[in-house]
Amino acid sequence: MLTYVSLFSSAGVGCFGLKEIGFKCIATAELLEKRIKIQQYNQKCEYDSGYICGDLTEHKTHDTLYSEIASFKAKKKIKDIDLVVATPPCQGMSVANHKKNQELGRNSLVVESLRIVKDQQPKFFIFENVSAFLKSICTDLDGVDKPIREAIHSNLAPDYLIESKVINLKNYGANSSRTRTLVIGVRRDQKGVTPLDLYPDFRPEKTLHEVIGHLPSLKTMGEFCEDDIFHSFRPYKEDMYPWIKATPYGKSAFDNPEDHLKPHKVVDGEIVVNQSKNGDKYQRQVWEKVAPCIHTRNDCLPSQNTVHPIDDRAFSIRELMLMMSIPSTFQWLPNSMVPANSADYETKFQFRKKTEFTIRQCLGEAVPTAVFGEIGQKIQQIDAPKLSKKQIDQTIKQHHLEQIDHLCEFIELNWRNYTRQDMFKICELANAERLHTAAYYTDQEICFSAISPLPDISAEEVRILEPSVGVGNFLHQIVKKYQGKRLIIDCVDINKDSIKLCQLLVEKYLPSDSVTFNFYHEDFLLWDTKKKYDVVIGNPPYMKIKDSELLSMYRRGLSNQNTNNIFSFFIEKCSQLAKHVSLIVPKALLNAPEYIKTRNLLESYTLLHINDYNEKAFDVKIETVSITFSTIKSKKDKKVTVYSYLNKQFFSLDQEYLTHTFFNSWLLYRNDWFDEIFETLTFGKFKVFRDRQITKQHTKASGKYRVIKSRNIGNGEIKNIEDYDCYVDDIGDFAVKKYLDSDVILVPNLTYNPRAARLPKGSIADGSAAILYSIDKVRDEDIEYFSSSEFNHFYRIARNYGTRSMNIDSVSVNYFGVKI
């Protein structure tokens with residue numbers, strides 16, 4: 001049993017799609033009783049107590065909703081709500097509203113949806129609203145006015161993967177043009193599914209004739225279809241009839257040649273033509289195009305696109321229902337309250353007069369039924385991975401899949417028997433050369449997190465490059481991100497077996513008439529291409545090149561000549577080829593000295609988003625981040641959004657604030673507190689030395705000179721540790737000898753818990769401890785400060801909460817500031 005809660009649900013038109021496929025409604029909340037009644041007529045809720053009529057901003061309504069949810073869970077013995085659907089009022093955001101500045105409080109109803117999702121933690125959520133939804137300002141839970149997009153992510157991103165799209169629903173389940181914002185969230189513990197997996201599939205729009213052309217024509221004002229009371233000719237003022245009758249096919253009444261046939265008033269016997277502020281008023285529609293957007297005043301001929309293609313009337317309720325993909329089984333009223341088709345005209349006329357306005361208004365506010373229905377179906381059909389890492393390893397060994405021919409045969413025979421994600425992982429882990437080429441399996445959540453921040457692209461054709469494609473883990477999500485476009489995706493990899501597997505997997509799992517895949521067995525860094533791309537996406541290899549000739553070839557034409565790690569070269573080459581780039585790379589990019597020039601290059605572009613995965617992206621112990629940036633004309637006010645997998649925080653920073661720091665490194669977690677502490681410290685006092693010669697082969701349990709290691713360093717003291725302390729007799733060949741008996745301090749090299757102590761007389765330090773030296777005398781209070789909780793917090797922020805990339809180097813030594 002799948003369950004849902006519906007918020008601001010109007011007449012429940014959209015949610016009817018969930019009911020049709022078997023979802024059980026726990027509770028539905030709506031302000032107006034007349035709309036709640038329509039939901040009751042359709043038996044939406046499992047229990048009568050689930051219909052909650054009231055203002056969700058009031059504590060009483062809020063508490064009633066929570067109580068009903070708790071009661072339902074107890075009765076059904078379930079732990080979670082599966083889905084929350086929220087369609088909050090949109091007047092403050094609608095393009096049709098000219099009083100937007102007065103609607104801040106109304107927009108803040110959106111925040112009630114955020115509060116409920118945050119509190120109730122459903123597995124999935126859907127927000128649907130107008131196209132301007134995400135850019136509109138709301139008063140967030142913290143009392144700060146901010147764009148709704150920011151409010152959604154700051155409140156919900158710690159617990160949810162979130163995707164938002166502005167799409168025309170005519171291609172996603174509606175039978176009319178309806179450009180809306182659709183936000184889908186997936187709770188992070190729902191493994192193997194992302195929001196992109198749940199969006200309705202793109203399909204060509206239907207023409208108006210395909211949707212309603214089969215219905216009988218209605219020529220007489222007031223006429224009812226003989227077998228459908230909801231298909232009728234709504235009466236209007238008689239003096240307007242000549243205007244509408246004269247309106248040409250596909251034209252407005254304002255296009256009529258004579259003034260008396262245009263919308264007008266008669267003032268003192270003179271015809272005064274009405275002003276035509278919008279070109280879609282009194283507009284006769286055409287059969288060959290998609291049906292128009294349905295607004296709340298769809299009864300009104302002066303409203304937007306309301307005139308039937310051939311009849312001289314507004315669209316009927318039945319026609320509007322078909323345009324909104326509402327099935328005939330939906331009940332606006334109980335059958336007992338609807339006159340029979342055989343009833344007399346006056347009875348039907350009075351029924352229409354009494355009910356039509358509410359029905360039409362609900363239609364204009366509704367979500368097309370098929371849209372939510374398809375999302376619900378996708379939730380029902382989630383194709384999550386089923387195999388554990390152990391089971392995958394056993395499968396590989398059992399079928400000898402390390403051999404490429406066996407693996408290809410296995411795919412051909414078994415691709416229908418395994419989920420897409422399981423098969424891709426089998427192929428990635430079976431690749432015998434993956435460790436040599438530094439290739440690791442990237443699961444769908446991580447792929448999504450790197451792809452989602454990429455911007456929408458308005459062009460009908462989108463060119464995409466995956467420069468280190470492996471077996472194609474990113475391809476499913478990138479196709480879903482840009483579905484509806486003509487996609488040309490170039491897949492490049494240095495490993496010929498990977499390309500062969502990728503091509504086979506695409507053929508089996510990603511067939512599409514709108515996507516063209518091209519496969520290249522090439523070393524991307526040496527690939528001579530003149531192509532340009534809209535998007536580059538991927539997870540390039542992280543490995544240091546020791547072959548000096550190859551390294552020289554890789555570096556040719558690139559700005560960073562100081563590193564031999566090829567991920568840096570990937571960043572540079574990708575930035576030369578594409579408008580938008582998103583890559584997963586080592587976290588060391590943020591602060592290591594060897595990537596200063598790479599950081600400088602990225603700072604010249606518009607950074608869009610950074611995910612700090614810490615060690616959570618892969619099965620190997622490596623800290624990574626994803627960097628999403630645009631190389632096209634940079635914006636003046638550049639905001640970078642950041643999500644921390646370690647701290648479970650979503651926030652945004654000015655790009656300048658994040659990147660231009662005293663330390664010549666990027667500070668993702670910089671904040672006001674950090675800046676305040678910074679102002680109390682003096683930096684640049686220390687330089688660093690680290691031994692790279694002393695190993696276990698040199699040391700022994702006793703000797704002339706003590707060798708201090710990281711664990712020996714306490715808070716202002718050197719600790720003796722049994723069976724750990726070591727010594728050497730001869731330091732003549734060690735560079736560290738120059739610090740013997742010097743006034744220097746020691747700090748552990750690889751730790752996020754800094755502490756410091758003076759180097760004792762007659763001692764040296766190995767590479768696990770960094771030696772900080774200064775031309776100034778180091779005070780005892782400085783050493784004590786480096787062991788303080790304040791400096792610990794400051795240092796963690798400076799190190800971007802790193803857990804592995806913790807070497808004390810020429811950049812990070814500057815984090816050790818002394819009190820002024």
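This is a predicted model: local features need pLDDT of at least 70, side-chain atom pairs count only at pLDDT 80 or more; totals for chains, interfaces and linings use all residues.
Residues are numbered from 1 along each chain as its sequence is written, and side-chain values use heavy atoms, with hydrogens and water left out.

Helices (H or I, at least four residues) and strands (E, at least two) are DSSP runs numbered from the N terminus, and two strands are taken to pair if DSSP finds at least two bridges between them.

Strands of a sheet pair through backbone hydrogen bonds, either parallel or antiparallel. Strand β9 (residues 179-187) pairs with β8 in the antiparallel sense over nine bridges, and with strand β5 (residues 124-130), again in the antiparallel sense, over seven bridges. Within β9, Ile184 stands opposite Glu163 and is also the bridge partner of Ile126. Strand β8 (residues 160-168) is mostly covered, since eight of its nine residues are buried, where buried means under 20% relative accessible area, exposed over 50%, and partly exposed in between (1.4 Å probe, protein chains only).

The domain assignment of the protein gives domain 1 (3-197), domain 2 (208-363), domain 3 (386-430), domain 4 (438-666) and domain 5 (682-819), with bounds that come from an automatic or database domain assignment. The centres of domain 3 and domain 5, taken over C-alpha atoms, are separated by 48 Å.

Two residues in strands illustrate local surroundings elsewhere in the chain. Arg463 is placed in strand β14 (residues 461-466) and counts as partly exposed, with a relative accessibility of 24%. When residues up to four places away in sequence are not counted, Arg463 touches Ile488, Asp490, Lys531, Lys532, Tyr533, Asp534 and Val535. The C-alpha atom of Arg463 is separated by 51 Å from that of Phe786, at 323 residues along the chain. Ser630, which lies in strand β20 (residues 624-630), is buried, with a relative accessible area of 6%. The side chains of Ser630 and His580 are joined by a polar contact of 2.7 Å, a term that denotes a pair of N or O atoms within 3.5 Å, of which, within protein, one must be able to donate a hydrogen and the other to accept it, while residues adjacent in sequence count only if both atoms are side-chain atoms. With residues up to four places away in sequence not counted, Ser630 touches Lys579, His580, Tyr605, Thr606 and Leu608.

Strand β21 (residues 639-644) is joined by six bridges to strand β22 (residues 649-654), and the two run antiparallel. Lys639 has Asp654 as its bridge partner in β22. The two strands, β21 and β22, form a hairpin with four residues between them, and Lys648 in the turn has a positive phi of about 55°.

A further open sheet consists of three strands in the order β26-β25-β29, with mixed pairing. Its edge strands, β26 (726-728) and β29 (763-765), each pair on one side only, and neighbouring strands are turned by 40° against each other on average, direction ignored. Strand β25 (residues 705-708) and β29 run parallel and are joined by three bridges, with Ile764 in β29 as the bridge partner of Val707.

With a disulfide defined as a pair of cysteine sulfur atoms within 2.5 Å, the count of disulfides comes to zero. Cys408 is in no disulfide, and the nearest cysteine sulfur, that of Cys427, is 7.9 Å away. Cys408 counts as buried at 10% relative accessibility, and Cys225 counts as buried at 5%.

How values were computed. Axes are lines fitted to C-alpha atoms, for helices over the stretch in contact, and angles run from 0 to 180 degrees between N-to-C directions. Contact means heavy atoms within 4.5 Å.
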